[in-house]
Amino acid sequence: MNEIKLKTRRDFLRSTVLGGAVTWTIPSFLSQTFNSLQAEALNQSQAITGKDGTILVVLQLAGGNDGLNTVIPYSNDFYNKARPSLGIKSNLLKLNDQFALHPALEGLKEIYDAGQLSIVQGVGYPNPNRSHFRSTEIWQTASDSSRFEKYGWLGRYFDNACKGSDPTIGVTVGRQMPQAFSGPRPIGVSLENPESYRLAASDSPEEGESGSSMDFIRKVNEPEAETNSGASIGSVAGRVSSKLSPLDYLERTALDAQLSSDKILSISRKASNQGAYPASQLANSLKLVARLIGGGLSTRVYYVSQGGFDTHANQSGTHERLLRDLGGALNAFHSDLKAQGNQERVLIITFSEFGRRLAQNANGGTDHGAAAPMFIIGPKVKAGLLGGAPSLAPNDLLNGDPKFTTDFRRIYAGVLQNWLKTNPEPILGRRFEPLSVV
Amino acid sequence: MLKPISSSDWNFEKAAHLLNRAGFGGAPAEIDRLVELGPEKAVDSLVYFERTPDNTTNPEWAKPDPERVNRFMEMRDAPPEKKKEIRQQEQRQEREHVQQLRYWWLQRMAFGPRPLQEKLTLFWHGHFATSVQKVKSAYFMWRQNEIFRRYGAGNWLGLLTAVSKDPAMLIWLDQAQSRKEHPNENFAREVMELFALGEGHYTEKDIAEAARALTGWSIDRPAQEFVYRPRMHDDGTKTILGRTGNFGGDDFLKIIVAQPQTGRFISRKLWVFFGSENPTEQFVDGLAAVFRANGNNFKPLLRAIFLSEEFYSPEVVRQQVKSPVQWLVGSVRVLERDLPPPQLSINAIRILGQDLLAPPNVKGWDGGLSWITTNNLLSRYNFANYLALGESPMAMPARKNGRRPRMPQAARVDTTKLFPETVQKDKERLLAALQKRLLQAELKPEHQSAVRAYLDSQGEIDELDVLHAIRLVMSTPEYQLT
């Protein structure tokens, strides 16, 4: 059997700290410095989530995606009047006689036609905030707009429902950990590339292994990657908090890093990608997620992000490019999962900190708004249009923005209860009527 | 209120802390010099940096390029093939210049004669976080960088005005395109939310009115300069933060700077950068009072901070997570080595999470614990290997089985510069010297014994062992803090 040894934090500490000959390697040095963590870690029960659990993939569209040009109310006169040049009138991907997807979202339309996409319209929260940062924080922490919450909703989920699990319970693709993962103790790992997610080798690389210092040196010598962020919001991760001191936080993170790196590398090498992914940062992130799922990493939540949605000026070309990337990448990811036989286990949700104003501005763009649609993808979703589309009549707008009809925390509650099978109340702080998304 | 530090308490640890925070740290000899000066003179040598000459020359391309507009015109009228060629050439050149600018700045931070001036420049870059990805001009990015350098320790209104009227910001937040028919709110919003007041101290209406006041602030593209275009300006009456009048952009900035909140906001942010996170409201009030009493000038506030007891308290000292720039620049300073070559240095800080001149968004880098993820920590530890040992993928010595890794091929640390031979030969003295140089503090006992165990396992210590020991100390949680 070619089973991968899945080391737990407990096994790791047993083998490296308590026993074993110490040869001088950086990992062995580091494990010596983890002494203070061992007692606690050894006493924790190891609730490995297993390879068959359900998986949630959260995709953040950073910058405020223009919901009205994503799910387009094409027959609505208010829409057409407010957006004389920016409104989309041709090549619409019609969903019914009122709504259509943006022409660049062919990839999502295909999933919709297969009955595996649900679109929740008018998602937002009371007293919307138009700051990217504050609104992102509200979405990430699931707080009321009048309250400040330190920890993220997923961090609280890990803390409440996944006690003692390995750090790979949550995986972020990227350099930054989203505030959504922030919890009293650090949990979850972040990486961009498994090949460089390693400590420099302690000796010359073995046959067939690529030396990770070589990878590292190669990587720092690579020219800068092209990103598609042309606007003032490339990504918004949010600030991380912890109840630990900086030193303890660092120690814990170093332990998690070392514990997860071998596992992630070997698992990511087990699976390969199938499906026609576009060439983009988002697609690369989703490719990695697909490989980790395919390889059997015991992760409940993956987090990826796409930036550049802050389209204040000359929106149409930029937005089209972003949506084409989004639809194409999600479609390829979805088929990749199907080819692996894992599609049934994976639910994808997208969110953005806000939608944009109904009326276009003078620069061919749109300013910060409020409610917007969310996409939820998976074979088991309640397919079709959910929630209610906000009225666009002038008297129904709030400072020029469509008003929300569905609180985003109802979707979190639905995902937590029906997909991650846990009680949403302690995580969200109070009861929100779960929206049955699956 | 800030309590002044007493000069009888002045010592190596305090002087090291000052240099770490007001600059990028330094070798023990440099810290000793500050100890000898005593606190007031040490602080003044950093704060009144204009007394120290800085003869850095500007990049040769750092001047207006009147031909650029012609090249764009040529491109516009060219046939498609030619158009593509011109565009690619233009982009290649800009990319090169941006890389040069990044390295030019890193060099100034690492080896320039005015550490606080460069530290402040870094602070303001994170505050008025502008990205070349949208500005797309190395020249404009350099101009903005120079504004931070020139005005960053001066007057608040002066700095705010200079930044607001500079092309990089006018492009970054779309102000250059804003006109009276439909003002663009992006810049007006961020002035209030991120640059000068903070959330909760203005209304959406204030933003809309300020955006009207700012209309007409634009860029003269051929001259690559700010220009005021009266025909784009809305000269109706506006009400901003309770004041009503026919305001323009300058009036708006003056109204902002007249708000007591702005002093609190910016004093707090400076303290968080130089001191510690989460100061109490009362403490921030004290900082703001100093700032206001000194005409909204930064130098007196910085001087008061660096001479305060609070700045040297245990809640502050060695409790800050190093930013990637602090980590890299500080490391080459304590290791008394060169910066790695340009591409490598620039990519390293990007991989560690701080892509200079390309912050993730207009709020800048979150900093603090946000610098630390499993990914970034592994990269820091790996990069420590490179800085200490040089280019080749070095390993820990494996003497027991007789194998020995290749000697590094490229620049590595010169250990003879760092530790006298007598210290290198004595393991306890070496351990103490390593900590003094790299941390100016002690490792936790268990981390200390891990380094000691390494040294003990090596028999007689040679150069390579010292390099490895340096790398080990750099691969501790303690080294990530300052």
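View 1. B:Pro324 is found in helix 17 (residues 324–334) of chain B; helices (H or I, at least four residues) and strands (E, at least two) are DSSP runs, numbered from the N terminus. This is a predicted model, in which local features need pLDDT of at least 70 and side-chain atom pairs count only at pLDDT 80 or more, while totals for chains, interfaces and linings use all residues. Residues are numbered from 1 along each chain as its sequence is written, and chains are lettered from A and ligands numbered from 1 in the order in which they are written. B:Pro324 counts as buried because it has 23 C-beta neighbours inside 10 Å. (A residue is buried if 20 or more other C-beta atoms lie within 10 Å of its own, exposed if 12 or fewer, and partly exposed in between; C-beta atoms are placed from the backbone.) Not counting residues up to four places away in sequence, B:Pro324 touches B:Ile349, B:Leu352, B:Gly353, B:Gln354 and B:Trp371; two residues are in contact if their C-beta atoms, placed from the backbone, lie within 7 Å. B:Glu60 is 264 residues away along the chain, and its C-alpha atom is separated from that of B:Pro324 by 28 Å.

**View 2. Surroundings of B:Leu2.** B:Leu2 lies in the segment before helix 1 (12–22) of chain B. With 17 C-beta neighbours inside 10 Å, B:Leu2 counts as partly exposed. Its contacts, leaving aside neighbours within four places in sequence, are B:Gly286, B:Val290, B:Ala304, B:Ser308 and B:Glu310.

View 3. Domain 1 of chain B gives 26 residues to the contact and domain 2 of chain B gives 23 residues. On the domain 1 side, the elements with two or more residues are helix 5 (80–111), helix 6 (115–127), helix 7 (132–135) and helix 11 (186–196) of chain B. Helix 5 of chain B supplies the largest share of that side, ten residues. (Ala, Val, Leu, Ile, Met, Phe, Trp, Tyr, Cys and Pro count as nonpolar, Asp, Glu, Lys and Arg as charged, and the others, Gly among them, as polar.)

**View 4. Helix 9 and helix 10 of chain A.** The axes of helix 9 (residues 246–270) and helix 10 (residues 281–295) of chain A come within 7 Å and cross at roughly 95°. (Axes are lines fitted to C-alpha atoms, for helices over the stretch in contact, and angles run from 0 to 180 degrees between N-to-C directions.) Helix 9 of chain A is therefore roughly perpendicular to helix 10 of chain A. (Angles under 35 degrees count as roughly parallel, over 145 as roughly antiparallel, 65 to 115 as roughly perpendicular and the rest as oblique.) A:Ile267, A:Ser268 and A:Lys270 of helix 9 meet A:Leu288, A:Arg291, A:Leu292, A:Gly294 and A:Gly295 of helix 10. The residues of this contact divide into three nonpolar, three polar and two charged.
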